[in-house]
Amino acid sequence: MAPYTFELFAPYNKQAGLRLKNANARMFGLDIPMELNEQDGYWRVTLDLADGIYHYQYKIVTKSWFEPEPEPALPDYTNDETKTFEENQENRKNHYNEHEKLVQEVKERNKKREEEITFTEVWYTFVDPYATEVDERGSDDAFRSVGILVFKNGKKIIDEYEWKYDNHVPLVSNDKLIIYEIHIGDFQDKFTNVTAKMDYFVELGITAVEIMPIKEFPGTIGWGYTPRYYLAIENAYGTTAELKEMIDAFHKRGIRVIIDGVYNHCDVSAPYAAIDHDYWFLHEPKDRVYCWGPEWNYERYDEKYQVWPARKYISDSIRYFISEFHTDGIRFDAATQINNEEFLTAIAQQSREQARDRGYAPNFFCVGEYLPDKVESVMSNGGPMDAIWHDSLYWKLREAIVFDTLDWEELKNVTDGRRQGYKNITDIVNYQSNHDHDRLLIELGKERQIFDADAFRRVRMAFAFQATSYGLMMIWMGEEIGEYKEKTPGVAKLDWSLIEDREDNSNAINKEQLQYYKDVIQLRKLNPALITPNLEFIFEHENDQIMAWYRWNTTNNDIQKHENHVVTVCNWSSTTYEHYEILNIPRNGKWFLHEPKDRVYCWGPEWNYARYDEKYQVWPARKYISDSIRYFISEFHTDGIRFDAATQINNEEFLTAIAQQSREQARDRGYAPNFFCVGEYLPDKVESVMSNGGPMDAIWHDSLYWKLREAIVFDVLNWEELKNVIDGRRQGYKNITDIVNYQANHDHDRLLIELGKERQIFDADAFRRVRMAFAFQATSYGLMMIWMGEEIGEYKEKTPGVAKLDWSLIEDREDNSNAINKEQLQYYKDVIQLRKLNSALITPNLEFIFEHENDQIMAWYRWNTTDNDIQKQENHVVTVCNWSSTTYEKYEILNIPRNGKWYEWLNNDKEYIAENNKLTIDSFIDHTIRIFIHQTKRCDNDKRSTA
């Protein structure tokens with residue numbers, strides 16, 4: 001037993017009591033009186049409690065006023081046909097007089113109620129306003145609900161969740177926010193369902209989620225904008241521990257969590273409305289048109305207790321949420337209606353300071369809903385908010401996209417928010433829809449009867465407009481998949497079947513929509529010009545309705561860097577123009593077209609392999625390219641071709657013919673008969689390899705690169721997808737020659753550079769992760785490829801300009817300052833020898849033998865059954881990966897396929913003994929890979945290789 005004090009701040013109420021029972025008990029016992037401390041205004045009672053779960057309620061003599069008694073409606077009077085006209089008129093007059101007398105009586109009673117401080121002693125039962133968990137007990141009746149107190153080890157606890165991923169990866173700064181607004185119920189029912197779909201957010205590319213209100217509200221279905229309890233979580237969505245697990249999962253993947261907060265008003269059945277309405281709330285709403293419930297009175301100051309009651313309660317609730325749930329921002333709903341900049345400034349500043357002081361995720365983002373947007377409400381203009389919703393952009397964009405209505409100057413104003421008075425790109429959050437509006441796709445159908453491809457094209461235009469305009473960007477869930485349901489505070493769950501695989505491919509346009517969104521988000525993330533304040537309109541033709549603007553980045557030392565210069569050209573018209581000239585392009589030279597729909601990057605005229613000349617019976621483009629390839633093989637004795645941009649060539653008939661021609665030419669030349677055709681398909685396309693009926697011997701294994709990058713650079717593991725890329729058969733590949741694995745290529749920065757840029761991981765920690773990635777390549781299913789320089793720790797970023805390898809990295813130095821680079825080179829040599837001397841690694845045999853997802857340990861087994869001597873020692877290889885950030889001592893790997901001696905190839909042939917199919921690894925360092933060969937030492941293989 002331990003003492004626990006129940007307390008309730010209600011300084012001017014006459015009496016208060018507590019109702020308490022064990023959660024397993026059916027009924028409450030006798031009310032327990034509480035005592036008022038006149039010094040601080042709190043009612044309290046202290047009880048000795050055993051560990052357990054309790055239900056409790058408070059009772060109080062209310063000081064609240066109630067809704068006025070309604071005036072009686074004027075009843076109809078029907079003429080009595082047996083009476084004269086004059087008699088009916090007299091009766092009608094009497095009838096009206098009686099009604100007026102009743103009305104006056106009701107008015108008097110209402111007036112009397114208004115004048116009395118407490119018109120009668122009415123006891124109200126309610127839940128503690130500070131309850132952190134509430135059980136509505138299957139009813140929407142607030143007075144049947146109970147607060148839940150969990151008492152353990154002599155104190156109140158919220159739950160027993162242990163945070164795992166604070167400071168796991170750096171969360172983006174405010175200028176890099178790409179926000180995804182989400183309603184938990186309609187997205188995927190519950191917190192746990194959202195957690196299970198975490199990979200969707202990662203693949204989409206967003207950097208923050210803005211979660212619609214999750215505080216306990218009446219009922220189980222709704223948007224949550226009438227909160228009843230400000231410290232309790234809506235139990236229809238799950239528990240506090242499940243909410244924390246969801247937020248932790250977002251943070252693990254570098255995604256910030258912004259919570260939608262409703263601080264203008266609450267539900268009419270909220271506790272303080274029953275305790276003492278006018279102490280906490282305005283007596284009358286500020287605006288009856290925009291009134292959703294009792295409105296908090298932030299002007300009320302209690303001189304006696306020196307407290308702002310409403311401000312304190314809301315402040316406490318916000319502080320609790322940031323502390324307990326590790327949130328990264330607040331959206332202030334109905335900030336226009338709150339209409340108290342002093343309070344909002346204080347609460348926003350309190351939140352930022354609390355985030356800065358907590359030791360992790362120091363950035364906090366306060367965004368206000370001002371309708372219409374109010375330029376003076378952002379911090380850069382002396383207001384309380386980091387940003388506000390850019391409502392004016394929404395309306396102008398809607399006019400242009402849905403109604404073809406262009407106000408040229410106003411459209412320019414919202415494209416470049418500086419013209420409206422905003423000073424930083426973080427001042428405004430741009431969107432094409434949000435929960436308060438139908439998605440544009442729906443509006444186009446309802447308002448204009450524009451559907452299908454025409455509608456999707458307009459929505460995509462709007463999204464690219466958002467991404468390249470001045471300001472941050474936000475997506476309303478579902479618009480990226482073409483969700484078709486109208487807005488409603490009721491149930492409107494996202495239809496995930498829109499992007500599932502269908503035999504008839506009837507949802508191809510939805511899948512393309514999702515890919516477009518992913519690509520535009522990547523455009524935003526990878527081009528720093530789009531997060532600078534630099535924007536200039538460079539071309540306008542109002543009659544043609546063509547507008548172009550230029551974004552650039554001058555913060556980079558290399559002003560010539562191509563991603564620093566972005567030009568956006570909008571065709572707002574209903575006309576398709578051929579060969580339209582855009583003047584005033586800021587720089588001459590090559591510009592690349594970002595065409596996200598199918599990842600087309602246009603570097604020049606594209607060969608037309610579909611064109612056949614009937615007159616001369618020739619495929620012109622095919623013949624020319626065929627001749628050039630035949631010449632190269634013959635003249636330069638080449639042994640293979642990598643087909644660049646095979647996805648964009650998009651002509652499997654031609655590729656099949658040209659690949660077959662090349663193989664035949666190689667076979668017939670009398671030397672080096674093998675020829676290798678490898679295609680660049682982004683993303684990799686399983687049906688494009690010969691074993692699946694395609695033209696290529698192999699394709700670049702792009703999906704492995706991205707999953708490996710997520711794991712090595714960002715510590716983001718999708719367990720099943722990682723297994724898929726390790727064993728390509730799970731993706732549909734049939735031969736190890738079908739795929740070429742790599743950890744980097746010329747299109748990407750080397751992982752060593754990414755680790756420094758993205759995670760500030762350098763030196764030994766970074767080299768260790770890169771080596772892990774290389775050994776991972778060598779033992780996975782498929783061929784392997786190295787991008788020059790990764791083997792020596794080359795540090796230069798990718799560029800189409802000059803980036804010569806720094807060979808001094810492996811030259812002898814007196815101070816041996818490049819020892820780590822020399823070790824890197826030796827490691828690569830050793831892994832390559834591992835691959836060449838162990839025939840198990842070029843067979844299709846691969847089996848996952850051990851998985852511990854919580855520890856992030858995975859092991860797989862490769863073996864060779866093609867050799868007549870199955871016992872031959874090089875036939876058995878086990879790879880064990882520690883993907884975690886933990887070093888494990890004496891870690892046991894189960895299901896080892898053979899007992900006996902295993903030698904660690906990359907650790908001087910250290911000997912391990914497997915017994916009972918179990919092998920114990922001592923000191924298993926984080927982000928390392930261990931490779932074991934059964935019964936054979938590396939030195940023996942080296943001798944055999946030399947011989």
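Which side chain meets that of Asp 328 in a salt bridge? In this predicted model, the partner is Arg 358, with a nitrogen-to-oxygen distance of 3.2 Å. The two residues belong to distant parts of the chain, since Asp 328 sits in the loop between helix 7 (309-325) and strand 14 while Arg 358 sits in the loop between helix 9 (341-357) and strand 15 (365-368), a separation of 30 residues. Asp 328 has a relative accessibility of 0% and therefore counts as buried, and Arg 358, at a relative accessible area of 17%, is buried because the cut-off for that class is under 20%.

**Salt bridges**

The count of salt bridges comes to 63. Another of them joins the side chains of Arg 331 and Glu 210, with 3.9 Å from N to O. This pair also links distant parts of the chain, with Arg 331 in strand 14 (residues 329-332) and Glu 210 in strand 12 (residues 208-211), 121 residues apart. Both Arg 331 and Glu 210 are buried, and these two residues belong to a network of salt bridges that also takes in Asp 260, Asp 333 and Glu 369.

A further salt bridge is formed by Asp 501 and Lys 511, whose closest N and O atoms are 2.5 Å apart. Asp 501 lies in the loop between strand 18 (472-476) and helix 14 (508-526), and Lys 511 lies in helix 14, so the pair ties together parts that are 10 residues apart in sequence. Asp 501 is exposed, with a relative accessible area of 71%, whereas Lys 511 is partly exposed, with a relative accessible area of 26%.

| Pair | N to O distance |
|---|---|
| Asp 328 and Arg 358 | 3.2 Å |
| Arg 331 and Glu 210 | 3.9 Å |
| Asp 501 and Lys 511 | 2.5 Å |

**Helix 20 and helix 21**

Two packed helices are described by the angle between their axes and the distance between the axes. For helix 20 (residues 751-759) and helix 21 (residues 763-779), the axes come within 9 Å and cross at roughly 135°, and the two helices are therefore oblique to each other. Their crossing is right-handed. On the side of helix 20 the contact is made by Leu 751, Leu 752, Leu 755 and Arg 759, and on the side of helix 21 by Ala 766, Phe 767, Arg 769, Val 770 and Ala 773. By class, this contact holds 7 nonpolar and 2 charged residues, with no polar ones.

**Backbone features**

Just after helix 20, Gln 760 takes a positive phi of about 55°. Asp 763, which lies in helix 21, has a phi near 55°, a positive value in a residue other than glycine, and at 58% relative accessibility this residue counts as exposed. Asn 916 likewise has a positive phi of about 55° although it is not a glycine; this residue lies in the loop between strand 34 (910-914) and strand 35 (919-921) and is exposed, with a relative accessible area of 70%.

The peptide bond from Leu 371 to Pro 372 is cis, with omega near -5°, and Pro 372 is found in the loop between strand 15 and strand 16 (387-389). The bond from Leu 682 to Pro 683 is cis as well, with omega near -5°, and Pro 683 falls in the loop between strand 25 (676-679) and strand 26 (698-700).

Methods
Residues are numbered from 1 along each chain as its sequence is written. This is a predicted model: local features need pLDDT of at least 70, side-chain atom pairs count only at pLDDT 80 or more; totals for chains, interfaces and linings use all residues. Side-chain values use heavy atoms; hydrogens and water are left out. Axes are lines fitted to C-alpha atoms, for helices over the stretch in contact, and angles run from 0 to 180 degrees between N-to-C directions. Helices (H or I, at least four residues) and strands (E, at least two) are DSSP runs, numbered from the N terminus. Angles under 35 degrees count as roughly parallel, over 145 as roughly antiparallel, 65 to 115 as roughly perpendicular and the rest as oblique. A crossing is left-handed if the near helix is turned anticlockwise from the far one by less than a right angle, and right-handed if clockwise. Contact means heavy atoms within 4.5 Å. Ala, Val, Leu, Ile, Met, Phe, Trp, Tyr, Cys and Pro count as nonpolar, Asp, Glu, Lys and Arg as charged, and the others, Gly among them, as polar. A salt bridge is a side-chain nitrogen of Lys or Arg within 4 Å of a carboxyl oxygen of Asp or Glu. Buried means under 20% relative accessible area, exposed over 50%, partly exposed in between (1.4 Å probe, protein chains only).
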